[in-house]
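Work through the following exercises with the sequence and the model at hand. Each task is followed by a solution in steps.

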Amino acid sequence: MLSRSILRLSRSNKVRSALELYISMEALALLPSAHACNSLMACLLRNGSLDDALRIFMMMTEKDTATGHTFSLILKAAAVARGYHSSLELFTELEEEGKLKCFDAIAYNTMISVCAKAKDWVQMEKMWRRLKEDGHNGTTVTTAVVGACAKEGKWDLSLSVFQRMLDSGLKPNAVSYNEVINCIGKAGKVNIAFRIYNLIKSSGLSRDAYTCNALLGALYRGSHYPDALQLFDHIKRESSFELNVHLYNVALMSCQKPSFWDRSLQLLWQMEASGLTVSTVSYNHAISACEAARKPKVALQVYKHMIHKKCIPDTFTYLSLIRACVWGSLWVEAEEILDRATPDASLSFIYNALLQGMRLQGQSDKAKKLYMLMHNSGFKPDGKTRALMLQQLTRDSVRHHVRYCSHLCH
């Protein structure tokens, strides 16, 4: 009856009354039920009373009434209130004292999540091994660890956890598969990513836009650019879902390295025709493909079309255009782009790119004029630009000295 009262008061968030009743029961040597104690601990933690919750927790471990939920509550609360190390120290103490008899999969998942948030991958893997050694199977909570590993680039650990989940008979959902493929794809492990993808098909699940994006990303990072474009075409033909901007952007990036500039234009027009909002990033990818293919005039046409569509260029747009114009010796166009660029801190990058291009292409007089304009505008050249201009000034000084000496001799 008293345990039910503690439950009712705790659920009503009447923390003081619930705690006083608990203390009264303790004084009378009455032991509340584990359910009542867990409810009271949760109430205390909601109200910031970690010390009181810890006192109840210690009593429960001494009386062997703690449950997996008890451990999950207190370990998570300790990590939130006092940091990851406090939670890990508490776990270690309990382990040394042999108090982890009721530690279940949920409790292990709590510690796995705590370790993952603290980016302590060594401890996280230890927790995973302990979970398996104690005869527990991973749960969908454990699957979230795969995502944490993915964000930190721990593809091998992510794959190991995922494989053990499959071995234990779990059936991951599409989100879990996608997380693993994305993680492995980011590491450029193309073959492994596609092996996981084949498991999706054999499990009866359907691929979605996220799956396709992860596979395309794997091919791109693995430098399989033609294969990425071929897969994109297959997705476009066979998929039931509509292609999103992310898929198009990966395809556009795959056009840059092999200089498939004409294909990048096709993709850009397809995006516009499909009704998707084409961002500056997408236009930049197409301009970069034209730059890589040494097609400066085409890059300028894409730029003009971008302006016509009221899409605002950024620093990357201007830098790519400047580099393209330098290779094509389009100096008038390059200076026009410089004039149109927004006069902010990033403008110094554009000045430097054009100055370096002029010097390397032998346009010394143009470079000197631009160098003076840059100084007068309040922008500072970088180290490479200063070195190039110093070389030029030194050469001019030597030439002037030679001409002067020659004149004296005559």
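Buried means under 20% relative accessible area, exposed means over 50%, and partly exposed lies in between (1.4 Å probe, protein chains only). The model is predicted, so local features need pLDDT of at least 70 and side-chain atom pairs count only at pLDDT 80 or more, while totals for chains, interfaces and linings use all residues. Residues are numbered from 1 along each chain as its sequence is written, and side-chain values use heavy atoms, with hydrogens and water left out.

**Exercise 1.** Determine whether S39 is buried or exposed, and list what S39 touches.

Solution. Step 1: locate S39 in helix 3, residues 34–46; helices are DSSP runs of H or I with at least four residues, numbered from the N terminus. Step 2: S39 is buried because its relative accessibility is 13%. Step 3: leaving out residues up to four places away in sequence, S39 touches L7, S10 and R11, where contact means heavy atoms within 4.5 Å.

**Exercise 2.** Find the class of L131 and the distance from L131 to F103.

Solution. Step 1: L131 belongs to helix 8, residues 121–133. Step 2: its relative accessibility is 0%, so L131 counts as buried. Step 3: L131 and F103 are separated by 28 residues in sequence, and their C-alpha atoms are 9.0 Å apart.

**Exercise 3.** Which residues gather in the patch of negative charge on the surface?

Solution. Step 1: a patch takes residues with over 30% relative accessible area and no salt bridge, joining like charges within 9 Å. A salt bridge is a side-chain nitrogen of Lys or Arg within 4 Å of a carboxyl oxygen of Asp or Glu. Step 2: the patch consists of E62, E89, E93, E96 and E97. Step 3: helix 6 (residues 84–96) gives the largest share, three residues. Step 4: E93 lies in helix 6 and counts as partly exposed because its relative accessibility is 41%.

Notes: Patches are made of residues with over 30% relative accessible area and no salt bridge: like charges are joined within 9 Å, nonpolar side chains (Val, Leu, Ile, Met, Phe, Trp, Tyr) within 5 Å. Accessible areas come from the Shrake-Rupley method with a 1.4 Å probe; for residues, only the protein chains shown count as cover. Lys and Arg count as positive and Asp and Glu as negative; His and the chain ends are not counted. The place of a charge is taken as NZ of Lys, CZ of Arg, CG of Asp or CD of Glu. Helices (H or I, at least four residues) and strands (E, at least two) are DSSP runs, numbered from the N terminus.
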